[in-house]
Amino acid sequence: MNRFAAWEAHNTAKFARDAAKALSEQDELIKSLRADLKTAIRAYRHLVIEGAKNDSLSISTEQRFQVDQRG
């Protein structure tokens, strides 16, 4: 465990700058990942809705077979 009280001021300041930079980079990554997740969820919802629409309009294999037999 670090004892910050024993650190020299310039070491403490460098640590604080480095930590702030790392936290900022992590925050940017989190924001980017959240945006990607929102985009993926929207795309998934769109596919599910479109799939549901297409399923209700499509005919079954048996119906297709009957149409082919009538020919």
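Tutor: What follows takes the secondary structure, the surface and the side-chain contacts in turn. Please note that this is a predicted model.

Student: How many helices and strands are there?

Tutor: The chain has two helices and zero strands. One of them, helix α1, covers residues 9–57.

Student: What percentage of the residues is buried?

Tutor: Buried residues account for 0% of the 71 residues in the chain. The cut-off for that class is under 20% relative accessible area.

Student: And what is the accessible surface of the chain?

Tutor: The accessible surface is about 6,800 Å². Carbon and sulfur atoms contribute 58% of that area.

Student: Turning to charged contacts, how many salt bridges does a search of the whole structure find?

Tutor: The search returns two salt bridges. In one, Lys14 is paired with Asp18, and their closest N and O atoms are 2.7 Å apart. In the other, Lys31 is paired with Asp27, with the closest N and O atoms 3.4 Å apart.

Student: Where do Lys14 and Asp18 lie?

Tutor: Both residues belong to helix α1. Lys14 and Asp18 are four residues apart, which is about one turn of the helix.

Student: How many residues apart are Lys31 and Asp27?

Tutor: Lys31 and Asp27 are four residues apart in helix α1, so about one helical turn separates them.

Student: What is the relative accessibility of Lys14, and what of Asp18?

Tutor: Lys14 has 45% relative accessibility and therefore counts as partly exposed. Asp18 is also classed as partly exposed, at 40%.

Student: How does the Lys31 and Asp27 pair fall in that classification?

Tutor: Lys31 is partly exposed because its relative accessibility is 48%, and exposed would require over 50%. Asp27, with a relative accessible area of 35%, is partly exposed as well.

Student: A change of topic: how many aromatic pairs does the structure hold?

Tutor: The structure holds one aromatic pair. It is formed by Trp7 and Phe15, whose ring centres are 5.4 Å apart.

Student: Why is the pair of Trp7 and Phe15 edge-to-face?

Tutor: The ring planes of Trp7 and Phe15 stand at 90 degrees, so the pair is edge-to-face. That class applies to planes over 60 degrees apart.

Student: What are the relative accessible areas of Trp7 and Phe15?

Tutor: Trp7 has a relative accessible area of 27% and is partly exposed. Phe15 is partly exposed too, at 39%.

Definitions and conventions: Residues are numbered from 1 along each chain as its sequence is written. This is a predicted model: local features need pLDDT of at least 70, side-chain atom pairs count only at pLDDT 80 or more; totals for chains, interfaces and linings use all residues. Side-chain values use heavy atoms; hydrogens and water are left out. Buried means under 20% relative accessible area, exposed over 50%, partly exposed in between (1.4 Å probe, protein chains only). Accessible areas come from the Shrake-Rupley method with a 1.4 Å probe; for residues, only the protein chains shown count as cover. A salt bridge is a side-chain nitrogen of Lys or Arg within 4 Å of a carboxyl oxygen of Asp or Glu. Rings of Phe, Tyr and Trp (its six-membered ring) pair if their centres lie within 6.5 Å; planes under 30 degrees apart count as stacked, over 60 as edge-to-face and the rest as tilted.
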